Amino acid sequence: YHCSHTPTEIRSALSKARLGGIALLNICAGGETLLEEEIVPIIYELLEEGHYIGIVTIGSVKENIKKLAAFPERLRKHLFLKFSFHYEELKRLQRLEEFFHTIEMVKEANLSFSIELPAYDKFIPENSAIIKLCKEKTGALPHIATLRDERKEGFPVLSEYSFQQLNAIWAVYDSELF
């Protein structure tokens with residue numbers, strides 16, 4: 001994929017004047033948001049415009065995260081990273097340490113972030129291990145993100161459990177997001 005607009009053109013299209021003021025923009029892709037090299041200059045321009053930017057990422061493109069961490073502090077204050085914690089896949093690929101190393105790098109750069117664990121039924125037996133790992137590595141629990149089927153009307157929850165059961169199951173995380 002190649003964006004047909006320059007970062008400056010995108011900034012102009014999303015200027016404070018056109019939007020009626022400063023906005024909170026959430027940037028999310030159908031895969032890894034930070035995969036495209038062009039995204040970093042786009043984020044920079046939008047931050048320069050004064051906007052607040054949330055970026056959904058799995059944290060796999062460390063070089064682009066390093067570039068974000070190197071932004072001037074005045075811009076980093078408007079930047080928020082939402083790390084999707086795909087526990088099972090990170091465990092399978094033996095990349096849990098790498099994931100948490102990236103989180104530590106973000107913390108050291110004084111960037112705001114959250115870790116969001118999908119409320120995936122297969123993770124339920126792993127809850128104790130996930131909680132222990134997150135407390136050990138970050139000192140906090142991840143937020144829980146409800147999985148929904150966006151292809152269907154009403155966006156039903158993707159789970160074999162009722163929403164009431166899910167509330168009880170995922171309550172151990174005390175996540176306001178869930």
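Author: This is a predicted model, and in it α7 gives the most to the lining of the second largest pocket, with three residues.

Reader: Which helices each supply at least two residues of that lining, and how many residues of each class does the lining have?

Author: Both α6 (87-92) and α7 (96-108) supply at least two residues each. The lining, which includes Glu-89, Leu-90, Glu-98, Phe-99 and Thr-102, has four nonpolar, five polar and three charged residues, and the volume of this second largest pocket is about 230 Å³.

Reader: What makes α4 and α7 count as roughly parallel to each other?

Author: The axes of α4 (residues 62-69) and α7 cross at roughly 10° and come within 10 Å. Angles under 35 degrees count as roughly parallel, and α4 and α7 are therefore described in that way. The crossing in which α4 passes α7 is right-handed.

Reader: Which residues of α4 and α7 meet?

Author: From α4 come Lys-62, Ile-65 and Lys-66, which meet Glu-98, His-101, Thr-102, Met-105 and Val-106 in α7. By class, the residues of this contact divide into three nonpolar, two polar and three charged.

Reader: What is the volume of the largest pocket, and which residues are closest to its centre?

Author: The largest pocket has a volume of about 350 Å³; of the 16 residues that line it, Val-56, Ser-84, His-86, Pro-118 and Leu-147 are the closest to its centre. The strands β2 (52-57) and β4 (112-118) each supply at least two residues of this lining, whose residues divide into seven nonpolar, seven polar and two charged.

Note on methods. Residues numbered from 1 in each chain as written. Predicted model: local features only at pLDDT ≥ 70, side-chain atom pairs only at ≥ 80, totals over all residues. Heavy atoms only, no water. 1 Å grid on protein atoms, 1.4 Å probe; cavity = no way out; pocket = protein on both sides within 12 Å on 5 of 7 lines; lining within 4 Å. Points joined across faces, edges and corners; volume = space filled by probe spheres on them. Helix = DSSP H or I, 4+ residues; strand = E, 2+ residues; numbered from the N terminus. Nonpolar A, V, L, I, M, F, W, Y, C, P; charged D, E, K, R; others polar. Axes fitted to C-alpha atoms, helices over the stretch in contact; angles between N-to-C directions. Parallel < 35°, antiparallel > 145°, perpendicular 65-115°, else oblique. Left-handed = near helix turned anticlockwise from the far one by under 90°. Contact = heavy atoms within 4.5 Å.
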